[in-house]
Amino acid sequence: MGVTEWVTAAAENVAAKVTRGGVADLRPMPRTLIDKGRMRSVYRFAEGNMPASGDPVLLVPPLAAPSLCFDLRRGCSLAEHLVEQGRSTYLVDFGTVSFADRTLGLEHWIDDVLPHTIRAVSRDAGDRPVHVVAWCLGGIMSLLTAADQPGLPIASISTVAAPFDVTAIPLIAPMKPLVDFTQGWILTPAYRLLGGAPRALVKRAFQLSAIDKVVTKPYAILSHLDDADFLAQIEAVDRFTDNMIAYPGRTFGQLYHRFFRANDLAEGTFDLGGRRITLAEVKVPVLIIAGKGDSIAPERAVRHLVDVLDNAAEVEFHACPGGHLGVLAGRGARDTTWKHLDDFLAVHNPMA
């Protein structure tokens with residue numbers, strides 16, 4: 001691109017920012033509410049009169065992160081991508097968390113929210129089996145739900161950036177000996193007093209996980225002022241980060257003590273509500289995707305899941321470029337992560 005072309009493109013992008021507030025198309029994909037409960041709103045996506053076929057695909061976000069992760073912006077939305085393929089696509093939104101929700105534990109999602117969601121999606125799609133696609137903690141909860149309730153109409157599970165060994169997480173590993181030595185008292189009083197992990201803290205933790213990008217962001221914007229797609233992605237990620245959600249107190253306590261301190265998932269088991277859930281009980285095909293640049297769920301922490309799915313019909317693993325959000329919804333994910341998902345669904349959920 002010549003200097004004149006660069007200046008013209010940059011000027012157009014600056015004008016869009018000033019007059020329209022930005023260059024990103026942040027319109028959400030059209031959707032219809034099909035089911036609702038506490039911490040659960042289930043939607044069916046649609047775009048115009050585009051017909052859908054095949055078994056339904058259910059998108060499951062993690063707790064504390066907005067469901068925007070699956071519909072980041074037009075042109076970089078996994079939901080849009082699946083709908084444009086003609087797939088019957090659904091989303092569960094966990095909503096916001098208040099102090100009144102502080103007593104909710106993971107049992108609420110594994111025993112109630114996800115089972116009700118999966119059954120509602122199956123019913124709405126004509127009693128067809130459901131293919132779950134989940135990000136981060138959403139993948140962990142989906143697998144635990146499938147292991148605990150094998151009668152659910154789940155046909156396959158695809159997880160993106162779901163860590164199963166915290167000792168492989170650089171942000172956590174150095175702190176774990178101190179936490180073990182203090183028996184967890186460092187954080188326990190704080191989350192009990194606050195009723196959970198506030199959304200501001202969750203947002204800050206997400207930003208710190210990519211502090212290098214935060215620091216270099218002004219330079220990156222200036223150097224890409226002519227690139228509308230690059231600028232649109234930054235705007236969409238900023239909106240996503242601004243919409244982080246709090247963790248309920250009891251849930252945060254379980255994550256802290258069982259996932260972080262005890263590293264239960266590394267053994268493929270999890271004690272919940274007086275019962276032991278074993279991931280070896282997952283029998284459906286599983287696709288596992290890790291981000292090569294992910295500091296929250298590094299490749300080794302994600303790959304460990306392969307070792308604990310002893311009885312899954314099939315386990316497929318891929319490491320793709322991108323950080324924690326980027327591997328799911330980054331610009332490069334369109335040609336990497338989404339392609340692996342497309343190929344996996346083409347085998348296990350053909351649309352013919």
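Author: Arg73, Asp229, Arg331 and Arg334 are linked in a network of salt bridges. A salt bridge is a side-chain nitrogen of Lys or Arg within 4 Å of a carboxyl oxygen of Asp or Glu. This is a predicted model: local features need pLDDT of at least 70, side-chain atom pairs count only at pLDDT 80 or more, while totals for chains, interfaces and linings use all residues. Residues are numbered from 1 along each chain as its sequence is written, and side-chain values use heavy atoms, leaving out hydrogens and water.

Reader: Which residue forms a salt bridge with Asp229?

Author: Arg73, with the closest N and O atoms 2.9 Å apart. Asp229 lies in helix α9 and Arg73 in the loop between β3 and α2, so the pair ties together parts 156 residues apart in sequence. Helices (H or I, at least four residues) and strands (E, at least two) are DSSP runs, numbered from the N terminus.

Reader: Is Arg73 buried or exposed?

Author: Buried means under 20% relative accessible area, exposed over 50%, partly exposed in between (1.4 Å probe, protein chains only). Arg73 counts as buried, at 4%. Asp229 is partly exposed, at 26%.

Reader: In what order do the strands of the open sheet run?

Author: Strands pair through backbone hydrogen bonds, either parallel or antiparallel. Here two strands pair if DSSP finds at least two bridges between them. The order is β1-β2-β4-β3-β5-β6-β11-β12, with mixed pairing. β1 and β12 are the edge strands. Strands β3 and β5 pair in the parallel sense over 4 bridges.
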